[in-house]
Amino acid sequence: MSIETEHVQCLIIGSGPAGYTAAIYAARADLKPVMYTGIVPGGQLTQTTDVENFPGYPTGIMGPEMMEDFRKQAERFGTQIRFGHIDKVDFSGPKHSVVVDGIKTITADTVIIATGASAKWLGLPSEQKYNGFGVSACAVCDGFFFKGQDVAIVGAGDTAAEEATYLAKLCNKVHMLVRRDEFRASKTMVHRVLNTPNIEIHYNSETKEILGDGLNVTGIEILNNKTSEVSIIPVSGFFVAIGHNPNTEIFKDWLDMDETGYLITEPDSTKTNIEGVFACGDAQDKLWRQAVTAAGTGCMAALEAERYLAAKEHAESEVQATIA
Ligand code: NDP
């Protein structure tokens with residue numbers, strides 16, 4: 001099979017708040033950005049409900065709708081947005097090269113990585129066995145299937161708190177499994193959970209096993225790590241909301257990353273260890289991980305890409321002038 005090749009000035013990988021913001025800035029700076037969305041166009045926010053803390057939306061907005069606004073704004077300035085997954089990269093330079101869906105090679109002067117992060121799983125075999133048959137890592141996507149039923153959710157951060165209250169609106173009862181005796185989530189979110197009558201919190205509780213009848217989930221076995229008591233809760237849905245892993249696997253041979261896979265950038269910058277390659281959003285930020293901070297670093301990445309190209313062009317014209 002022949003492999004098609006194309007060259008672009010600015011390639012953006014990923015389409016969450018970081019990627020779209022980078023696209024808006026890069027397009028307005030005439031870098032003619034080409035964006036590959038990845039397999040979840042719009043990223044994690046397309047799997048959430050209300051976003052109440054993004055400036056500019058005084059009455060809040062639904063995550064998918066907000067990402068649609070981002071997309072339209074990026075397209076308005078000429079970003080080419082394409083559905084596709086980058087399988088492989090080669091940053092041996094001077095032009096950076098990537099392979100899209102195994103069939104197309106793109107070379108780029110600058111690459112902006114905005115690949116975000118993906119949900120973590122507990123790692124139980126039963127979780128894998130019933131994934132899609134009662135087990136889910138996205139309450140917003142799958143909660144509807146458990147309307148009027150009893151479900152459980154594991155996790156104690158903002159995601160778990162948000163998803164538990166979402167599920168509580170649909171389901172009869174939500175059992176929330178918190179492994180310590182306190183939440184990690186913000187006070188506002190915890191307050192919401194505590195004030196939702198059909199959420200029952202099980203503190204100091206770990207999931208030992210997800211039980212099923214071979215086809216669907218029928219319950220969970222939990223261990224109280226203070227009393228060592230094991231109990232069974234009948235549920236038909238089990239939601240995992242225990243955090244995320246950065247989507248950076250394809251860069252591991254080229255870019256510096258920490259022990260958990262977050263890309264390392266220079267202080268106050270989105271520059272990676274490879275010239276012309278910039279990283280922004282949740283792939284690079286394990287501390288703040290907010291849509292607005294992701295958008296902020298996306299803006300930085302585009303501005304840095306623009307400066308990098310301008311400096312390169314200037315250096316090249318000086319060389320030409322010397323030769324002449
Ligand atoms: P977090 O890393 O904040 O929380 C993960 C939670 O899962 C923790 O409570 C952790 O427990 C628990 N956990 C991890 N591993 C296990 C395990 N094996 N078994 C049981 N429990 C486990 O991730 P989130 O996805 O909740 O949030 C990520 C970031 O996104 C945060 O900064 C958050 O504030 C932000 N966010 C903001 C929202 C908003 O503002 N609307 C909505 C959602 C997220 P422990 O506490 O014991 O470590």
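A polar contact, a term you will meet on this tour, is a pair of N or O atoms within 3.5 Å; within protein, one must be able to donate a hydrogen and the other to accept it, and residues adjacent in sequence count only if both atoms are side-chain atoms. The model in your viewer is predicted, so local features need pLDDT of at least 70 and side-chain atom pairs pLDDT 80 or more, while totals for chains, interfaces and linings use all residues. Residues are numbered from 1 along each chain as its sequence is written, and side-chain values use heavy atoms, with hydrogens and water left out.

**Stop 1: Thr265.** Select Thr265, in the loop between strand E18 (244–246) and strand E19 (277–279); strands here are DSSP runs of E, at least two residues, numbered from the N terminus. Its side chain reaches the backbone oxygen of Ser269 at 3.3 Å. Now show Gln284: the side chains of Thr265 and Gln284 make a polar contact of 3.2 Å. Leaving aside residues up to four places away in sequence, Thr265 also touches others, including Thr270, Lys271 and Ala279 (contact means heavy atoms within 4.5 Å).

**Stop 2: the two domains.** Colour domain 1 (4–118 + 244–323) and domain 2 (121–240) separately; these bounds come from an automatic or database domain assignment. Taken over C-alpha atoms, the domain centres are 34 Å apart. Where they meet, six residues of domain 1 contact seven of domain 2.

Which residue forms a salt bridge with Glu52? Pick Arg192: the closest N and O atoms of this pair are 3.0 Å apart. The count between the two domains is one salt bridge, meaning a side-chain nitrogen of Lys or Arg within 4 Å of a carboxyl oxygen of Asp or Glu.

**Stop 3: a sheet.** Next, display the open sheet of five strands, in the order E10-E17-E11-E12-E13, with parallel pairing (two strands pair if DSSP finds at least two bridges between them). At its edges are strand E10 (135–136) and strand E13 (199–202), each pairing on one side only. Zoom in on strand E11 (residues 150–154) and strand E17 (residues 237–240), which are parallel and share four bridges. Here Ile153 stands opposite Phe239.

**Stop 4: a hairpin.** Finish with strand E14 (residues 205–212) and strand E15 (residues 217–224), an antiparallel pair joined by seven bridges. Select Ser205 and you will find its bridge partner, Asn224, in E15. Four residues lie between the strands of this hairpin, where Gly214 takes a positive phi near 95°.
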